[in-house]
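Hi everyone, and thanks for coming. Let me put the sequence and the structure on the screen, and then I'll walk you through some of what can be seen there.

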Amino acid sequence: MAAMYKMVWCGVMTIFIFAGLGCAPSASKPDPSVASSAPAKPPEKRPGEGQRSATKESTQEGSSLDQLREGKPPVSGPLKDVFFGFDRYDLEAEARSTLKANADWLKKNPAARIEIEGHCDERGTNEYNLALGAKRAQAAKDYLVTLGIATERLSTISYGEEIPVCKEQNESCWRQNRRARFVIIPSRPAS
Amino acid sequence: MMVKFVFAILWLVMQPWLVHAQPKGETGVRGEIVGQGGLKFPIAVSPLKNLGTGADAARLSEGIADTIVYDLDLSGWFKVVDRAAYIENPQKSGVTLGSFDFKDWSTIGAEGLVKGGFTIQGDDVAVELRLFDVFQSKERVGKRYVGRVKDYRRIAHKFADEIINQFTGVPGIFNTRIAYVSTSGGRFKEIHVAHLDGSEKFQLTSNRTINLSPSWTSDGKSVLYTSYKDRNSSLYLFELYSGKEVKFAPRNGRYLGGKISPDGQFIAATVETGGNSNIILLDRNGNLIRSLTENAGIEVSPSWSPDGRQLAFVSDRTGSPQVYVLDVASQKARRITYSGNYNTSPEWSPRGDRIAYTGRVGSRFAIFTISVDGGEPRKLTAESADSEDPTWSPDGRFIAFSSNRAGKYHLYLMQANGENQRRLTGSGGDDTKPSWSPRLE
């Protein structure tokens with residue numbers, strides 16, 4: 001209960017910060033808008049969805065940290081993951097189309113609030129990857145806001161490279177780990 | 001190379017026993033024992049003699065010798081003569097000058113010799129250790145230590161440090177510890193602490209979440225680390241002897257990492273707000289003093305210069321992560337690395353002259369060092385595997401790092417020029433992000 005309260009509080013704080021900053025779109029990487037058409041690192045083919053367990057809408061997915069603590073494999077909810085290139089936080093065309101679908105779901109479920117998790121693959125430095133994951137979560141959030149989702153419904157957290165979904169050392173696996181994940185925050189139970 | 005070679009020969013043969021060549025505390029090093037090929041200094045380490053009647057003597061006799069052998073071997077500067085070749089019986093011959101025959105040692109090729117004895121009383125032990133010059137039939141240094149029997153390895157480490165001091169004018173770094181992140185307990189990342197030889201290992205955190213980026217305070221008494229144990233990443237300062245812990249969390253955003261300044265008065269912390277990471281300066285109690293970087297990008301991984309006036313850090317302000325150096329007073333930053341498009345985790349050498357970092361080469365990661373003035377980086381590890389997370393020994397002569405060259409990530413040690421790479425850990429999990437302590441008492 002305390003943890004849940006903290007999560008909500010954290011969301012509120014995040015909203016507070018973003019309101020103050022005016023939610024400027026992050027664009028410190030050169031030309032993120034054209035990155036998908038002329039990338040330095042070409043986007044890999046997205047791994048088959050079969051790698052991820054099929055989703056039942058009724059499943060209540062928890063945060064990646066909760067699932068790690070409980071020893072459960074990551075469960076996907078109705079919102080699909082968005083994938084990134086190595087050391088990139090710009091949104092590729094496929095990522096934008098996934099985010100549009102996620103925005104549609106959020107519009108159909110106006111009470112839902114979500115926490116966006118930024119993740120990285122295992123390569124590179126942990127602290128840098130925490131920052132990179134934060135950028136990815138923020139990029140996903142900013143795009144959802146431009147699609148009309150209220151910023152108050154969206155909070156972010158980065159887990160860097162710390163909670164991979166795929167543990168093998170190959171590009172297909174790394175690709176699955178470089179993701180933004182969307183977790184529906186359980187509404188606060190009335191007490 | 002030739003100059004170095006000749007110097008090494010001179011150092012080792014002509015005047016190998018230059019005692020206290022310089023006052024302690026100076027950062028410069030008079031001589032290197034260049035351990036290449038046949039140049040390693042041949043030394044014998046005799047099992048210690050039981051001078052008393054205490055039990056458990058065999059463990060100490062060989063245990064102390066084994067620890068000294070491990071340390072000397074790890075340094076890469078010595079060739080320890082195999083114990084099987086030793087002629088004399090350590091329990092029968094003496095341990096002081098004149099009470100044994102140097103010929104027993106010169107015959108088997110030893111030019112240096114370590115002998116010693118111990119007396120056990122209850123839980124305590126008194127140990128005397130001596131280093132002899134076999135060539136000149138002289139004693140170079142003798143030390144007497146008193147401690148708990150269970151701490152005998154520390155006594156051995158201290159004397160190994162003294163041996164290095166006799167050769168180079170700067171004590172060794174074997175009486176130190178490494179804090180690191182390990183998944184050896186399962187799927188969680190916990191902070192562990194151990195001596196270089198893996199002894200006295202213990203788990204500093206056991207909160208079953210993610211704990212990262214340990215670093216030591218300069219008194220060696222506390223470890224600062226990043227943890228998700230309260231859901232959001234925050235900094236925690238853990239005092240080893242008391243078990244007391246202080247949490248630092250920013251008013252806005254989250255801490256991703258931090259380092260205590262050399263004088264212990266400040267913390268350089270990475271704070272993330274709204275997706276942007278920047279470096280800020282805190283006082284020891286976690287109060288904000290001021291921001292050090294203010295960019296809408298990634299600014300992470302501060303590492304203090306030994307004088308506390310500058311910080312190395314990583315910024316992606318040009319589009320790729322590169323190492324920069326920031327003057328704390330003026331907040332002016334200058335870029336150091338220009339090769340490659342991924343250079344992270346800078347660590348400033350305790351000698352002050354170089355910065356070690358992780359750089360991407362092709363699809364692999366390698367350890368580099370570069371002058372604090374920039375220039376050509378020096379690659380120290382091969383790109384047949386990934387090597388990351390360099391940390392300097394307190395004397396700046398060694399670098400520990402993590403590498404997956406044997407499958408999982410383990411900790412490794414090498415000389416600061418990349419030679420003599422050795423594996424340190426072999427837990428069942430991944431061991432990463434080592435941080436080398438200062439010298440211990």
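**A walk through two chains**

Let's start with Ser106(B), which sits in helix α3 of chain B, residues 103–106. Helices here are DSSP runs of H or I with at least four residues, strands are runs of E with at least two, and both are numbered from the N terminus. Ser106(B) is partly exposed, because 15 other C-beta atoms lie within 10 Å. For that word, a residue is buried with 20 or more other C-beta atoms within 10 Å of its own, exposed with 12 or fewer, and partly exposed in between, the C-beta atoms being placed from the backbone. From Ser106(B) to Glu239(B) there are 133 residues in sequence and 48 Å in space, C-alpha to C-alpha.

A word on what we are looking at: this is a predicted model, where local features need pLDDT of at least 70 and side-chain atom pairs count only at pLDDT 80 or more, while totals for chains, interfaces and linings use all residues. Residues are numbered from 1 along each chain as its sequence is written, and chains are lettered from A and ligands numbered from 1 in the order in which they are written.

Now to chain A. It has 5 helices and 4 strands, and from the N terminus they come in the order α-α-β-α-β-α-β-α-β. Of its 191 residues, 42% count as buried. Take the contacts in chain A between residues at least 6 apart in sequence: 75% of them join residues at least 24 apart. Contact here means that two C-beta atoms, placed from the backbone, lie within 7 Å.

Here is one residue to look at. Is Ile114(A) buried or exposed? Ile114(A) is buried, since 25 other C-beta atoms lie within 10 Å. You'll find Ile114(A) in strand β2 of chain A, residues 113–119. Beyond its neighbours within four places in sequence, the contacts of Ile114(A) include Leu79(A), Arg153(A) and Phe182(A).

Staying in chain A, look at two helices, α3 (residues 93–108) and α4 (residues 126–146). They pack at an angle of about 60°, with axes 10 Å apart. Axes are lines fitted to C-alpha atoms, for helices over the stretch in contact, and angles run from 0 to 180 degrees between N-to-C directions. That angle makes α3(A) oblique to α4(A). Under 35 degrees would count as roughly parallel, over 145 as roughly antiparallel and 65 to 115 as roughly perpendicular, with the rest oblique. On the α3(A) side we have Arg96(A), Leu99(A), Asn102(A) and Ala103(A), which meet Ala140(A), Tyr143(A) and Leu144(A) of α4(A). By class, that contact has 5 nonpolar, 1 polar and 1 charged residues. Nonpolar covers Ala, Val, Leu, Ile, Met, Phe, Trp, Tyr, Cys and Pro, charged covers Asp, Glu, Lys and Arg, and the others, Gly among them, are polar.

Over to chain B and its helix α2. With 19 residues, α2(B) reaches 27 Å from its first C-alpha to its last, close to the 27 Å expected at 1.5 Å a residue; the expected span is 1.5 Å times one less than the number of residues. Among the buried residues of α2(B) are Leu60(B), Ile64(B) and Tyr70(B). Just after α2(B), Gly76(B) takes a positive phi of about 80°.

How do α2(B), residues 57–75, and α4(B), residues 152–168, cross? Their axes come within 9 Å and cross at roughly 40°, and therefore α2(B) and α4(B) are oblique to each other. The residues of the contact divide into 11 nonpolar, 4 polar and 2 charged.

Next, two backbone details. Most residues other than glycine have a negative phi. Gln331(B), not a glycine, has a positive phi of about 60°, and it lies in the loop between β20 and β21 of chain B. Ser345(B), in strand β22 of chain B, has a positive phi near 50°. Ser345(B) counts as buried, because it has 30 C-beta neighbours inside 10 Å.

Finally, where the chains meet: 38 residues of chain B are in contact with 33 residues of chain A. The largest share of the chain B side, 3 residues, comes from β15(B). That side divides into 11 nonpolar, 18 polar and 9 charged residues.
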